[in-house]
Amino acid sequence: MEFAATVVILTCTYALLAAGIVILYKAGRVVNFAHGELAIVGGYVFYSSGLMAGGMSVWLAIAGALVFSVVMGVVIYMAMMRRLVGEPFYVAILVTVGLGIVLKSAILVIWRAERLTIDVGVAPAIRLAGGASLSYMDVASVALTIAFFAGLYLFFSFTRLGIQFRGTAENALLASQRGVNVNFVLSLAWVIAIMAASLSGVLFGGRAFLSTESVTIGLAGLTAALVGGLDSLRGAVAGAFIVACAQYLTVRLIDPVLSEAVPFLLLLLVMSIRPWGLFGTLEELDRV
Amino acid sequence: MARAGTNLRTNYVEANEVLRRPYQRVLIVIVLAGALLLPAASSTYFVHLLDLCLLSAIGALGLMLLTGYCGQISLGHAAFLAVGAFTTVILTVHVGAPFVVVLPAAALSGALLGFIVGLPSLRFRGVYLAISTLAMHYAIIYLATSYQAKFGSSATAGITIPDPSIGPLVLAGDHAWYYFLLVLTALITAGCVNLVRTRPGRAWMAIRDRDIAAQALGINLARYKLLAFMASSSLASLSGSLLAYYSNVVTVEKYTLDLAVIYVAMIIVGGMGSILGALLGAIFITLLPFGIDSLFGYLPRAWRFGSTLFGVQVGAVGVCIIAFLLFEPKGLAEIWRRIETYFDRWPFRYRPLETARR
Amino acid sequence: MNRLTSRTFFAALVLTACTCSANVASAQNSYVVGYITDLSGPLADSYTPTWEGFELYIKALNDRGGIDGKKVDVVLDDDGLKADRAVAAAKKQAERDNVVGIFGLSLSSTQGPVYAEMRKVGVPVVTTFSGILDALPPSKPFSYSTGVVFEVAGEAIGELIKNIKPNGKVVGMTFDSVGGRAAISHNKRMVESLGYTWDEVIFPVTTSDFTPFAQAVAEKKPDIVVGHYGSGQNLGVIPALRRSGYAGPYVIASYGVTEDTVRQAAQRAGNDQNVYYVTRYSTVYDVNPGVAEVAAAQKKYGTAKPFSSMHITGWELGKFAESALKGCGWPCSREKLDQVIQTLKVDANGLTGGPIEMSPQDHYGPSYWRLYVWNDSARKMEPKSDWLKKTALKFPVQ
């Protein structure tokens, strides 16, 4: 029972990260290596904004995280990614690597490398069969993730902006010639991706803790996205589930120490068999 | 025959030249002489910093060949440094091999592992290749950690290595190491320059620019990609081995993913696709934290601590990466080329066209 | 040449020039010692308060007039938990600041290189908090430690858990580092020699979500769980263990774990009763003249980090430094200081179970360890055993 619960919660964390990476890839063909750092900094911002009025206020915290997502998304796109149009693919990737380092240093400078725990509803609350228990935060994680994906689905399928988004993902040049404000759409892509990442970071901070070392979840999220297919949201969820399962099983059955490397080994395996990911499209392979 | 400037090569003869003008030869002599005399005018602390620069330069040259010239992104450089260091440990502790045997052996083991790590490059490109090098990094570090743990409890703080000796001479002390490293780096640089201007280099650049076209031209992709990986990893292993001897201690905790990113930063800041860039980038990134340290020394004491200093040092590398990629993608080497060209064409701003002269 | 180029060039020149700039050297008429530790890196939370404790002692000492009228100047450097920076700082302190001894240091991986380099120039190095085997017999010259050596701690903990349960199954947890594995291996040998059964779970260094590992531990049905890692991991492991259904005793091996962390961890786990703590130095809740002295100094001079046993550790190191320098006399040289330290005995005044005693063959000396339990209703830690004296490793290192 606890196996299922833990894997589901882990899947949610990775799925949110993978979704962000997929959105960014589809929108701008950029693979974001700074996603883990964005998630953790989002968690820190959530925590600090919540404390601004003395005592932990969840509404302030959410507002703070939203502001952070919007500001960061717009700044990253406008100031950096936009200038890199036309450059070889690795330039954008390396810029995100640099961005990750800067964000990590922000944790060191602004939050003095403190280990933060987000203590909203983390005590064991619901007893499961077999002795383990879940906390309210765990339940909220799953609920919020499902809500987020549902929201994404509705957004992309039924709203005008969502359809413009998909158009830009297909072919930005044609979309712009049809009157789509590509800059707005791409900035929005970054904002949504960072929101997903922040949500993931907050949930992670509730289950474990936030620190400069936690940023490695970004790499696990990236492998989940690659396994599922870099241009498929469905694949993001599937990939996240597979990576979460693999990690959990490695810890319980094989050797806990390997759990860090397992996502990559899994990825190597998938890439040898089906390089474009489980749900990805074949043509995408050559674009990167 | 009027030439179009120091950096623009318009025919095969020019493309093969290493030093184009007399002033460049003079410049090299001045730089080498200065480098030889530098220790006499500086403190041991500064010579120690220079030693660190030279050690990273060797590793940076390796990565430059792989990523700057051949275009294969690799995040596994730290793992190769570790391979060199641990080969040194195994050979000195278990076999008792002397310095002159260990160094080439380390380079060889690096080359061998580079071959293995390079195999995915035959199937993947771009970010997929980067991720596969990452997987290799974790695999190698896991093995190294297991080895160090089995070494016995005395290795908690690292495995000690004695100072190397070449015959009766013992290589110890920052000054001795400086001269040794200077000569070695100069030789390696010369080797890399030659590698780059002959067939392998041209093949690599073709692969970097458009590998399908390169293949169509008859370049054996597998052979040259693997050659790039092997060259890069053998230089990295060499660097790791030298560092192990220099610091007399080897511990696996030093070889993190962050270290690999720092080497990538070196070649970005230096300028991808330029040997000079590798050297400049290595010096810049190595000295950067110490420079920031000194700068902070002028600020009131409260600012020095509580993560601000460390955070700024970490962040500075990231800021450099972003700033150089956005504003100066060809790095420090390009800045140098611009300075060179400015003086070359002075007082003109542009070279007159050949047709205009008639 | 465009402006951007010249600006960049200039900036690069400035930075390079700065690395050559000299740091301010200290005054001549005082003892100069060096202190290098992690003040801003990943483990600053543990090492900074240790430095603050040392600084408190030196401040109090200087206010008293110093040692026979001579004040003590401390040159402080940050190593950011990196061995390269620690070595560079040590070389700088030895060469430019002319320190007569170096104190502090940080993580074990930084200690080896610094010990090795300072051995070459003959500067005695005394570490506190972490410790490596260089100080244990056969002791290497110029290398001393008043801190927590993993192997010794592992054995001490093994002996002390008799006070919790005399037999049963012990599961040890640590992260995949050389130090962690060393501590675990000694812990294992000790408990097995006392009749317990042993199992272990090791997780990657960068783990933040401990749930699967906690479940792996719970599955083994332990009677006691021991955790060999620092503050952060304890904060994550304890709630995860409780969530996975393990409600038994959990022992925190104190490698820089502050009382604050214990309080937070217990709170996260739902106000826990079964949390134990093994440490070499007193906790801030102990009532004895030594702790009172440190607390008073902390109140008087103030510290950035909340008062914890790390301050006590640093204070004791300060006391050690004073004794050493006093014995050295004036003028003090490095060789003389080294000679003095080799036979130094420093009273702990309650801060640990007995005095710190160095000898020419043993640069660590006997160490005293105690088991505490967290009493949640009283919101403090209480001793659960007497001070256990360790004079040597029962399972010597090969």
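These exercises work through a helix, a strand and a chain contact in a predicted model.

**Exercise 1.** What span is expected for helix α3 of chain A, and what span does α3(A) reach?

*Solution.* Start with the length: α3(A) covers residues 58-80, which makes 23 residues. At 1.5 Å a residue, 33 Å is expected. From first C-alpha to last, the helix reaches 32 Å, close to that value.

**Exercise 2.** Which residues of α3(A) are buried, and what covers them?

*Solution.* Take the cut-off first: a buried residue has 20 or more other C-beta atoms within 10 Å of its own. In α3(A), the buried residues are Ala61(A), Gly64(A), Ala65(A), Phe68(A), Ser69(A), Met72(A), Gly73(A), Ile76(A) and Tyr77(A). Now recall the helix geometry. With 3.6 residues a turn, residues three or four places apart in an α-helix point the same way. Last, the cover: it includes α2 (35-51), α4 (89-110) and α8 (182-207) of chain A.

**Exercise 3.** Why is strand β1 of chain C described as largely enclosed, and which strands does β1(C) bridge to?

*Solution.* Six of the eight residues of β1(C), residues 30-37, are buried, so the rest of the structure largely encloses the strand. Next, the partners. Eight bridges link β1(C) to β2(C), residues 71-78, in parallel. Here Ser30(C) pairs with Lys71(C). Three bridges link β1(C) to β3(C), residues 102-104, also running parallel. There Ile36(C) stands opposite Gly104(C).

**Exercise 4.** How many residues does each chain give to the contact between chains A and C, and which element of chain A gives the largest share?

*Solution.* Chain A gives 31 residues and chain C gives 28 residues. On the chain A side, α1 (2-28), β2 (133-135), α8 and α10 (233-254) each give two or more. The largest share, three residues, comes from α10(A). By class, the chain A side has 13 nonpolar, 11 polar and seven charged residues.

Technical notes. Residues numbered from 1 in each chain as written. Chains lettered and ligands numbered in written order. Predicted model: local features only at pLDDT ≥ 70, side-chain atom pairs only at ≥ 80, totals over all residues. Helix = DSSP H or I, 4+ residues; strand = E, 2+ residues; numbered from the N terminus. Expected span 1.5 Å × (residues − 1). Buried ≥ 20, exposed ≤ 12 C-beta atoms within 10 Å, placed from the backbone. Contact = placed C-beta atoms within 7 Å. Pairing = 2+ DSSP bridges. Nonpolar A, V, L, I, M, F, W, Y, C, P; charged D, E, K, R; others polar.
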